[in-house]
Amino acid sequence: MFPQHPLHRSLSLLAVALLALVLIPSCGADTPKHPDDTNIRAFLDRYFSTWSAQDMEGYGACFDSQARILFVDKDGSVMTQGLTDFLHGQKLGHQQSSVPMVEKPLTKEIMGDGRVVQAKVTWLLTKGSSETRGTDYFTLKREGQGWKIVALVFNND
């Protein structure tokens with residue numbers, strides 16, 4: 001075997017490093033997309049847009065009639081509501097706000113099967129000049145060709 005020239009060794013290492021940069025992201029890629037990913041993302045966008053537009057009828061239509069909504073406070077305490085009480089509180093929140101409130105999704109992570117999906121959505125709530133960030137954890141069930149919320153657990157900063 002002939003001794004390897006230092007330049008050849010450096011070039012070989014560089015080639016291996018570049019190859020690793022190309023291959024590693026594909027090896028550690030996120031979980032595959034859900035087969036209904038596009039529709040689920042559209043459903044989640046509708047959830048946020050109807051709330052922001054104060055369309056409580058459209059917003060309420062995103063939920064199964066038996067849905068449960070849970071809020072986890074910073075201290076870890078949990079408040080739970082049925083759909084009717086939750087929607088009433090959301091409507092009052094909009095009515096009592098001195099400025100419009102807009103909530104926009106920032107990131108969405110979706111996993112599940114053909115019947116049940118879980119989605120983690122981080123969001124930003126803008127109310128005048130104040131901003132609040134939080135996370136919604138949705139459990140969705142397939143209903144016909146669409147999706148409905150059966151459980152929503154959320155928190156905020």
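This tour moves through the nonpolar core and the aromatic rings of a predicted model.

Begin by selecting Y47, F63, F138, I149 and L152, which, among the 29 residues of the largest nonpolar core, touch the most other members. Then colour the elements that each supply at least two residues of this core, namely the helices α2 (37-52), α3 (56-60) and α4 (83-96), together with the strands β1 (63-72), β3 (101-112), β4 (116-127), β5 (130-143) and β6 (146-156). As background, nonpolar side chains in soluble globular proteins tend to be buried together.

Next, centre the view on L152 and show its surroundings. Apart from neighbours within four places in sequence, L152 is in contact with Y47, F63, R68, I69, L70, F86, D136, Y137 and F138.

Now turn to the rings, of which the structure holds ten aromatic pairs. Select Y47 and Y59, and you will find a tilted pair with 5.0 Å from centre to centre and 40 degrees between the planes. Because Y47 lies in helix α2 and Y59 in helix α3, the pair ties together parts that are twelve residues apart in sequence. Are these two tyrosines, Y47 and Y59, buried or exposed? Y47 is buried, with a relative accessible area of 3%, and Y59 also counts as buried, at 1% relative accessibility.

Notes
Residues are numbered from 1 along each chain as its sequence is written. This is a predicted model: local features need pLDDT of at least 70, side-chain atom pairs count only at pLDDT 80 or more; totals for chains, interfaces and linings use all residues. Side-chain values use heavy atoms; hydrogens and water are left out. A nonpolar core is a set of buried Ala, Val, Leu, Ile, Met, Phe, Trp, Tyr and Cys residues joined through side-chain atoms within 4.5 Å. Buried means under 20% relative accessible area, exposed over 50%, partly exposed in between (1.4 Å probe, protein chains only). Helices (H or I, at least four residues) and strands (E, at least two) are DSSP runs, numbered from the N terminus. Contact means heavy atoms within 4.5 Å. Rings of Phe, Tyr and Trp (its six-membered ring) pair if their centres lie within 6.5 Å; planes under 30 degrees apart count as stacked, over 60 as edge-to-face and the rest as tilted.
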